[in-house]
Amino acid sequence: VQLQASGGGLVQAGGSLRLSCAASGSIFSINTMSWYRQAPGKQRELVAGQPSTGSTRYADSVRGRFTISRDNTKNTVSLQMNSLKPEDTAVYYCYAILQSTAGNPYYTYWGHGTLVTVSQ
């Protein structure tokens with residue numbers, strides 16, 4: 001199983017970016033798909049998470065500016081980021097909890113990360 005993230009880059013403050021992540025390989029069922037980020041010198045933090053059932057979660061710092069969405073038919077998750085701020089600068093990681101084969105346990109998977117840089 002692989003998670004391939006894309007869409008990072010350099011943007012000015014106030015601008016927008018859209019991150020995408022595709023899960024591929026042997027996938028039977030995906031529970032949660034999320035985005036985390038890690039800024040220099042800081043711990044990795046949850047940005048937004050969308051379970052297969054239940055409410056979407058957002059970090060307080062991004063609520064109202066970021067929107068997470070899933071396409072369960074394509075095993076993809078996206079993060080639309082609007083009104084970006086310099087403090088949003090970080091490496092963004094795609095994360096999934098999934099079951100590769102029916103009857104197997106659910107495991108967690110991480111993508112390699114994509115860098116988002118927001119300039120003043």
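A residue counts as exposed when its relative accessible area is over 50%, and as buried when that area is under 20%. These legends describe close-up views of a predicted model, in which four salt bridges are found.

**Figure 1. Salt bridge between Asp60 and Arg63.** The closest N and O atoms of Asp60 and Arg63 are 2.6 Å apart. Asp60 has a relative accessible area of 65% and is therefore exposed. Arg63, at 47% relative accessibility, is classed as partly exposed.

**Figure 2. Salt bridge between Arg37 and Asp88.** The two side chains meet at 3.0 Å, taken from N to O. Arg37 belongs to strand 4 (residues 29-38), whereas Asp88 sits in the loop between strand 8 (76-81) and strand 9 (90-99), so the contact ties together parts that are 51 residues apart in sequence. Both Arg37 and Asp88 are buried.

**Figure 3. Salt bridge between Asp88 and Arg65.** Asp88 also pairs with Arg65, with 2.8 Å between the closest N and O atoms. This pair links distant parts of the chain, 23 residues apart: Asp88 in the loop between strand 8 and strand 9, and Arg65 in the loop between strand 6 (57-58) and strand 7 (66-71). Asp88 has a relative accessible area of 0% and is thus buried; Arg65, with a value of 11%, is likewise buried.

**Figure 4. Network of Arg37, Glu45, Arg65 and Asp88.** Salt bridges with shared partners join these four residues into one network. Asp88 is one of the shared partners, as its side chain pairs with Arg37 and with Arg65.

Terms used: Residues are numbered from 1 along each chain as its sequence is written. This is a predicted model: local features need pLDDT of at least 70, side-chain atom pairs count only at pLDDT 80 or more; totals for chains, interfaces and linings use all residues. Side-chain values use heavy atoms; hydrogens and water are left out. Helices (H or I, at least four residues) and strands (E, at least two) are DSSP runs, numbered from the N terminus. Buried means under 20% relative accessible area, exposed over 50%, partly exposed in between (1.4 Å probe, protein chains only).
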